[in-house]
Amino acid sequence: MAAGSSCTIVEYFGGDDGYRCGYCKNEKGNFSHGMWSHAMTVQDYQDLIDRGWRRSGKYVYKPIMNKTCCPQYTIRCHALNFQPSKTHKKILKKMSKFLSKGEMPTEQGDGEPMDSLCEEGGLHGPVKVCHSEVASPVVTAILTEEGDTTPGEFETARKDPVSVPDGRGPETTPKPGVGADPGRPLCRKAKELRKARRLQKDQKRQVGGGVPVSATSIPTTPVQLNQPKALEEFINESLPDSPLHRLEFRRFLCDSPLEMETPPDGPAAGYGSFHQQYWLDGRIVAVGVVDILPTCVSSVYLYYHPDFASLSLGSYSALREVAFTRQLQKQSPKLCFYYLGFYIHSCNKMRYKGQYQPSDLLCPETYVFVPIECCIPSLEQNHYARFNQDPDAGDTHVLKDLGRALVLYRRTVMPYAAYARKRKCSNDEMEVAQYAGLVGQVCAERILLYRA
């Protein structure tokens, strides 16, 4: 989390060149505008995602909707009115059965993908790493969400994981039996069964020349449930043995430009970026990255251990994050939405986000949210669509006065009009105007655009 600064500082990169699309695999069809954020307030980021922006680490990007091959629409769910679908209930029952009986589903997940940053401008997208130094202390470190990370609380969740009927009838008095069959092995606890299965998988990997034991071995000594577990251990277990991959992982999933804020009327944990850790038997099996903002919880990414792919952890974590949003709303009434990132109708595997009802899509021209059921007919006809049906409606924060946009030049904050007078030979007016038009007049007058 950035600390010691109370303003947003960005460098704008434009977006003229096309790059490979992670959805339709078009080599040059993906277009987006981007900027590097040295520091960012939660209110500025809230306003930016409500204009179609999204962050990947410290890189903030906005798809060029009427040009890119697979338009990406900001989607939000009304958490307070959320109604789980049949698929969601099935996932919850599957998780409940696994936690209570130790039975791992044999089939793979229900088709929901892990929302890949590679596809959304992340690990291998058009991200530019900025090395410019600005005169403002920027210290980043994602904090851990206190409400869902302790092993003890996960153990409590295991006892009563979800409030979903299991289909059983009323309890009846059991009939007398003949006792345990001496010819059969003793019944083992679910926890022991899970450990045995993991050990077998690790042995298979060793035989097949797979991941070294040092990276994935199960501890031979019992793990204390209240023992702190470093996130590094989870990374070492689940990532390929590649320093470059780990560097990219930290850059896009651990670095955040958002400043920690703890206003008196906000949630107890404060606003900012957080890691939500999912624990099982003393180890981390999944990590969700979320941003807690003034009016929403924004899901950034989920990374989980591949051994648990059949549990549909992507959808399960989203359901937990919806519940988390409802919990935070009790502390901060304005915080009532759950943002799922981008909805891509042209990509079938990304349509699952529309199942989190009720939900809205952001109109790419007027920046107002429209119920998704009103948007689908237009998207069935064209990949790009304007959702606002009022032909006279426009962007309420459209750029009107470029001279009032703020820039940071030689450690001095000044309006662009003053900067232009100082730099009479500067030819960056078109670039600054493009940036200011994309962030809108309000943000342009608040965010500092770095000028070298």
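This is a conversation about parts of a predicted model.

Biologist: Where does S359 lie?
Modeller: S359 lies in strand β11, which covers residues 359–362.

Biologist: Is S359 buried or exposed?
Modeller: S359 is buried, because its relative accessible area is 1% and the cut-off for buried is under 20%.

Biologist: What does the side chain of S359 reach?
Modeller: The side chain of S359 reaches the backbone oxygen of Y356 at 3.4 Å. Leaving aside neighbours within four places in sequence, S359 is also in contact with several residues, including I75, H78, V370 and E373.

Biologist: Turning to helix α2, which residues are buried there?
Modeller: The buried residues in α2 are H88, I91, L92, K94, M95, F98 and L99. They cover an arc of only 160° around the axis, so they sit on the same side of α2.

Biologist: And which exposed residues does the face turned away carry?
Modeller: That face of α2 carries the exposed residues K86 and K90.

Biologist: What span should α2 have?
Modeller: With 16 residues at 1.5 Å a residue, α2 should span 22 Å, and its end C-alpha atoms are 22 Å apart, which agrees.

Biologist: Now strand β4. How many of its residues are buried?
Modeller: In β4 (residues 59–63), 5 of the 5 residues are buried, so the strand is largely enclosed by the rest of the structure. Y59, Y61 and P63 are on one side, with V60 and K62 on the other. In a regular strand, side chains alternate between the two faces of the sheet.

Biologist: Which strands pair with β4?
Modeller: Strand β2 pairs with β4 in the antiparallel sense over 5 bridges, and M35 stands opposite V60. Strand β3 pairs with β4 in the antiparallel sense over 3 bridges, and R55 stands opposite V60.

Technical notes:
Residues are numbered from 1 along each chain as its sequence is written. This is a predicted model: local features need pLDDT of at least 70, side-chain atom pairs count only at pLDDT 80 or more; totals for chains, interfaces and linings use all residues. Side-chain values use heavy atoms; hydrogens and water are left out. Helices (H or I, at least four residues) and strands (E, at least two) are DSSP runs, numbered from the N terminus. Buried means under 20% relative accessible area, exposed over 50%, partly exposed in between (1.4 Å probe, protein chains only). A polar contact is a pair of N or O atoms within 3.5 Å; within protein, one must be able to donate a hydrogen and the other to accept it, and residues adjacent in sequence count only if both atoms are side-chain atoms. Contact means heavy atoms within 4.5 Å. The expected span of a helix is 1.5 Å times one less than its number of residues. The arc is that of the directions from the helix axis to the C-beta atoms. Two strands pair if DSSP finds at least two bridges between them.
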